[in-house]
Amino acid sequence: MTLGGTGVAAVPAVEDTPSTGALPPGAQVRGWNVLTDSVPDGLRSIGAAAGYDINHLQISHDVIHDLRHVRDARRLGIAETYTAAARYAGIAEVAFWDHSLYSLSYYPDEFKTGPGGTLDLDDPAFWEWFRADYREMLDVAPDIDALILTFVETGARVENQHSDVLVTAEQKLAYLVDQVADVVVEERGMNLYVRDFGYYPEEIQRILGAIELIDNPRVRVMTKETPHDFFLTHPVNTFTAGLDRDVLVEFDATGEFHGQGIIANTFPEVGMQRWRAFERQANVVGYVARTDRYDTSGIVDTPTEINLYGLKRAVEDPAATADDVYREFVTRRYGSKAAPIVAKAFHNARNIITSSMYTLGTNIANHSELDYDPYCSSYYRHVSGKWLDPPVADVRHTVNRTLHYWTGVVDHLGPVSCKSDSGVAREVPWVLENGWLDQEHDRMDATYLGYVMKEKDHGVRLAEESLGLVDSARSILAPDRYAELRGYFERTVLTAKIHRAVATAYFGYRLYARGVPPDDEEELARTIWTGLDEAHAVAEQIRAYPGPVSEGQWTWRVDADQADLYIDRIANGWDKYGGIAVPRPASTSSYGVGPEGGLR
């Protein structure tokens with residue numbers, strides 16, 4: 001039986017679902033992933049799972065990121081607490097994460113007889129030790145039902161170990177998975193999900209080739225909603241569509257790269273639209289959604305929980321729309337009178353984020369942090385154009401341009417140090433073959449600076465509009481709900497403003513340091529100092545922000561220190577850009593933008 005003829009297995013009836021244990025083949029998987037080791041926050045997420053019909057829980061990252069972490073008493077204790085809570089919540093399948101191989105130092109020296117001290121994969125004794133090690137680790141954690149295995153991007157990459165028999169990377173990867181499956185699947189009766197995570201198309205194809213070579217037919221696959229990582233501008237991941245294996249889709253409801261639930265991340269339509277694409281694939285058996293990004297960033301019982309609710313509704317009802325989700329969630333949490341106003345504020349979130357933490361269609365916030373330079377991944381690894389053909393960004397946000405990701409966006413936004421990074425040739429060689437990047441010259445110019453400024457202005461306006469909507473509903477909101485929403489959108493306004501300020505100063509400074517005609521120098525300096533002054537003022541507001549703010553991988557208040565760093569570099573001269581300081585003009589007034597986006 002499938003949902004609406006989509007090819008996705010229907011949720012088993014309650015009586016058909018085991019109270020505990022590995023989910024059977026064909027059973028719909030509705031999963032959540034808890035990353036945090038903050039026990040109150042993790043338990044709050046798990047406690048809400050029953051209301052979402054969750055039957056699969058992953059425990060990862062700060063708790064059990066590698067199975068070897070079961071040997072850490074603190075980590076294991078937290079994992080056992082979460083597992084017990086999951087059973088109480090009626091969750092059938094509990095999974096730990098794992099990465100294999102671990103660092104080379106983890107393995108006995110007697111097996112490092114390959115060239116350069118690598119492991120000899122042809123030595124049967126090594127694999128006997130390897131399987132015994134897995135048995136020992138699983139004996140420490142007998143209550144779990146599944147393992148989520150990353151077999152790439154690991155410490156001692158198995159592809160780099162020695163073998164005369166396994167001659168390709170794909171063969172080595174597949175053999176490794178089968179050794180783990182011998183213990184996890186065959187001996188213990190657990191489920192094994194392998195992650196297909198990769199950084200660039202060639203690597204993804206190698207991983208898919210390895211999956212095709214895995215002998216054990218019961219090994220499942222877990223794939224992300226997008227290629228490589230969770231970006232709003234990425235296309236839907238289609239890599240696993242042709243695999244003859246059950247596929248679980250991993251969603252990021254928290255916003256690792258765009259706010260981590262600390263600012264407005266209320267856009268359930270993103271996950272819903274992507275699920276609609278996956279539900280048409282016959283091998284997809286369900287989803288798992290991340291519920292936090294470490295520490296206290298859990299989104300359950302916050303406005304960002306709407307993203308989890310959107311996935312729930314999309315899976316249970318093929319006809320459910322994002323408008324349904326906004327209406328239902330907001331009415332339930334904020335009341336019917338305030339619902340239309342709050343929903344409108346929520347609707348702005350996607351454009352706020354993609355105008356502030358994203359720039360001209362690409363994310364340049366380092367895991368949500370204010371970090372434009374020298375974080376080079378923003379300029380090649382995370383670029384959505386890597387996965388699009390043709391690689392173009394349709395940039396709205398008052399810019400209203402269709403820009404080529406490489407010759408337009410990256411070539412202008414990217415500093416030379418990042419455009420010439422070795423990762424560019426490794427991960428996007430076709431970009432260089434096509435001559436799409438100038439690796440020797442900074443291409444930031446007045447036109448692109450104008451585009452950036454216009455877009456950042458747009459983000460601030462939308463954020464202020466949403467905050468104003470919340471204030472207009474104060475009299476019809478419960479006091480605690482009003483305080484929640486006001487803080488949520490107040491932080492969003494401050495974040496949008498500090499990105500506008502720093503982006504204006506940083507990209508303006510790059511242009512200034514390269515040299516502009518004397519007639520334009522004072523105006524550009526005024527533009528830069530407008531950004532620096534705003535950055536200073538907003539940084540002080542962030543530092544003075546009252547009350548506690550949840551923290552994840554991104555600590556929101558640290559952005560104030562990041563802004564100070566840019567202020568110092570630009571005002572006093574940044575060595576990287578020739579040590580050129582920008583003197584403050586006699587009068588610093590608001591910058592202007594001409595009709596084509598360039599400086600006026």
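How many aromatic pairs does a search of the whole structure find? The search finds 35, where rings of Phe, Tyr and Trp (its six-membered ring) pair if their centres lie within 6.5 Å, with planes under 30 degrees apart called stacked, over 60 edge-to-face and the rest tilted. Take Phe126 and Phe130, a tilted pair with 6.0 Å from centre to centre and 45° between the planes. Both sit in helix α3 (residues 124-140), four residues apart, or about one turn of the helix; helices (H or I, at least four residues) and strands (E, at least two) are DSSP runs, numbered from the N terminus. Phe126 is buried at 0% relative accessible area, and Phe130 is buried at 2%. Here buried means under 20% relative accessible area, exposed over 50%, and partly exposed in between (1.4 Å probe, protein chains only).

Before going on, a word on what you're looking at. This is a predicted model, in which local features need pLDDT of at least 70 and side-chain atom pairs count only at pLDDT 80 or more, while totals for chains, interfaces and linings use all residues. Residues are numbered from 1 along each chain as its sequence is written, and side-chain values use heavy atoms, leaving out hydrogens and water. The chain's mean pLDDT (the predictor's confidence in each residue, from 0 to 100) is 94, and 95% of its residues reach 70 or more. Over residues 1-18, though, pLDDT is below 50, and it stays under 50 over residues 589-600 as well. Where pLDDT is low, the predicted coordinates should not be read in detail.

Back to the rings: Phe126 and Phe130 belong to a cluster linked by ring pairs, whose members also include Trp127, Trp129 and Tyr134. Tyr566, in helix α18 (residues 558-572), pairs with Tyr372, 194 residues away in the loop between β10 (362-363) and β11 (392-395). Arg569 lies over the face of Tyr566, at 5.2 Å from the ring centre; that calls for NZ of Lys or CZ of Arg within 6 Å of the ring centre and within 35 degrees of the ring normal.

Now for the charges. The structure holds 47 salt bridges, each a side-chain nitrogen of Lys or Arg within 4 Å of a carboxyl oxygen of Asp or Glu. In one of them, Arg396 and Asp394 meet at 2.6 Å, N to O; Arg396 is partly exposed at 38%, whereas Asp394 is exposed at 53%. Another joins Glu159 to Arg157, with the closest N and O atoms 3.2 Å apart, and this Glu159 is buried at 13%.

Definitions and conventions
Contact = heavy atoms within 4.5 Å.
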